[in-house]
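Hi,

Here is the structure I promised to pass on.

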Amino acid sequence: MDNESLSPSRRDLILMTGVATAGAVAATRGSWRSESTPSAPSNILINVRDHGARGDGSADDSSAVRDAMKVAQSKGQPATIYFPRGTYRVKAGTLTVPAGHPMIIRGDGPRSSQISLSASETSTDALISLDATFAAVEDLQLDGGGSAAGNDLLVLNAGYNRVSNCNIDRAPGAGLAIGKKGRSLAHMLENLIIRDSVSYGIRVHGPAGKDETGSTDGLWSNVDVGRSGLSGVFLQSSSQNMSNVHVWQSGTRAGDDGDQHGFRVTSRTHIFSGCQAEKNLGDGFHFESGGGDGTVISGCRIWENGGAGLIGEGTRHLTVVGSTFTRNGRNNVGDAASDDAVSAAAIHNDGGDAWTITGCSAWDDTNELSAVWVPENSTTPEIPRRGQTMSQTYAYVETGSRGRSSITGAMFRAEEHLSGSSIKTESALLRVSNSDLGDDDVPVVPAAATITLPPWGDVIRVSGQVKVTKISDSRPGRSVTLMFDSDSAGGISDGADMQIRGAFLPNAGGSISLIFLGEKWREQARSA
């Protein structure tokens with residue numbers, strides 16, 4: 001019988017019975033293991049202090065650490081390089097875990113054991129590089145030490161690398177680089193704090209595009225990235241799975257090149273769950289050059305970023321669920337706001353297609369936003385303040401005429417955005433349903449010979465006296481009711497592009513219901 005055809009309870013019973021039977025057989029026959037079967041190798045512990053490391057914050061411990069690494073390699077089995085409480089200064093490249101020699105580099109906790117670069121560093125090598133599969137770094141504080149050599153502090157170059165319970169501060173380059181010189185497949189990041197990196201907080205290297213096979217399938221949990229010089233997180237390799245990742249105040253040294261976002265993404269198929277993009281100088285989420293295809297954003301908060309909350313450039317099949325977009329655009333517009341700047345929208349679909357936006361909220365208010373506080377000893381500039389004004393211009397902007405996206409169950413009230421409108425779109429195929437658009441719930445279009453209907457609203461008001469002879473195409477199956485505001489309205493005339501039961505000349509409040517089928521609007525009903 002196929003196991004998949006069994007109910008869960010029956011399958012569990014069979015499995016439990018099998019385990020019990022196997023245990024009984026083993027008990028009657030005794031152990032089947034041969035005495036010559038080797039046991040799994042143990043993980044030996046190598047204390048760097050036993051090799052002369054002082055850990056006093058001033059001595060150069062590079063030679064002692066190298067000796068400890070050599071001993072670990074010579075053992076021919078997994079090893080832990082242990083840094084007891086103290087501050088260890090080492091040269092770049094000293095802590096390179098070579099391929100074929102899995103090691104764990106471990107301390108007594110990020111506020112107890114610190115490894116720092118020398119301030120006079122000239123090499124551009126990383127402070128720590130993991131080039132062996134299943135190598136790990138845990139319970140440590142890594143610090144740039146004032147080096148100006150552009151070093152990344154921690155680099156993962158092999159599969160199944162793990163970083164746990166670490167603080168990474170003042171990186172001269174990236175705080176954490178993944179896949180820089182090798183594929184770090186299925187890497188794991190958990191419980192990390194990364195601060196004040198000169199370039200990226202975290203960069204996952206890899207060629208942009210749909211077919212890259214770089215450092216995919218990363219698992220990230222409880223990661224905090226703050227005050228990065230460039231974008232906080234830069235994803236160039238696909239399929240990173242993120243839970244509780246918080247990126248804030250990124251882009252402090254980016255200048256005018258625009259690389260100052262919370263999450264900058266040029267790759268596809270990621271999952272962001274319970275993440276925050278807060279007070280970054282650029283966009284909260286920035287999907288560029290088709291990046292973000294097939295990505296899911298769930299239960300995230302995107303707020304007070306300098307640009308858009310989220311922008312996707314040519315992104316396809318993006319899913320955004322249960323997320324909030326608040327007070328974005330403060331640097332793009334701020335007190336000198338342009339009320340229709342699409343670069344300051346909550347969500348900007350720039351030429352993308354087939355987005356699904358469900359159960360999301362986007363809003364702004366006139367509360368004053370103060371400049372972002374930074375420590376006195378930080379080189380990070382303040383994010384500018386904002387006066388008592390709005391800066392988030394729209395809830396949703398779509399550029400490109402053929403997008404087939406859908407917005408459902410949204411709270412996108414027009415009066416809670418600077419433009420006074422909730423949605424701005426060039427596509428007649430956008431579908432908006434079961435959403436609260438505030439003042440936009442019953443949109444108004446001026447009468448003209450040819451009118452283009454907004455893609456939302458079951459009832460649309462028509463103002464003015466011009467006779468309508470054509471209505472632009474919409475998505476197939478769309479039904480609308482047109483209500484005319486004036487006694488002297490021109491109404492609608494029958495024609496090649498519309499199929500109605502004769503000319504419609506309404507009084508004020510008169511209405512006609514139409515459905516778009518194929519290439520024509522057809523009448524469903526009209527008021528008396």
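The side chains of T452 and S472 make a polar contact at 3.1 Å (a pair of N or O atoms within 3.5 Å; within protein, one must be able to donate a hydrogen and the other to accept it, and residues adjacent in sequence count only if both atoms are side-chain atoms). This is a predicted model, where local features need pLDDT of at least 70, side-chain atom pairs count only at pLDDT 80 or more, and totals for chains, interfaces and linings use all residues. Residues are numbered from 1 along each chain as its sequence is written, and side-chain values use heavy atoms, with hydrogens and water left out.

T452 sits in the loop between β36 (450–451) and β37 (459–463); strands are DSSP runs of E, at least two residues, and helices runs of H or I, at least four, numbered from the N terminus. T452 counts as exposed because its relative accessibility is 54% (exposed is over 50%, buried under 20%, partly exposed in between, with a 1.4 Å probe and protein chains only). Its C-alpha atom is 8.3 Å from that of A428, 24 residues away along the chain.

Another polar pair is R195 with D224, whose side chains are joined at 2.5 Å. R195 belongs to strand β14 (residues 188–195).

As for the nonpolar cores (buried Ala, Val, Leu, Ile, Met, Phe, Trp, Tyr and Cys residues joined through side-chain atoms within 4.5 Å), the largest has 80 residues, and W220, F263, F272 and F412 have the most contacts inside it. Helix α2 (residues 62–74) gives the most to this core, with 5 residues.

Best wishes
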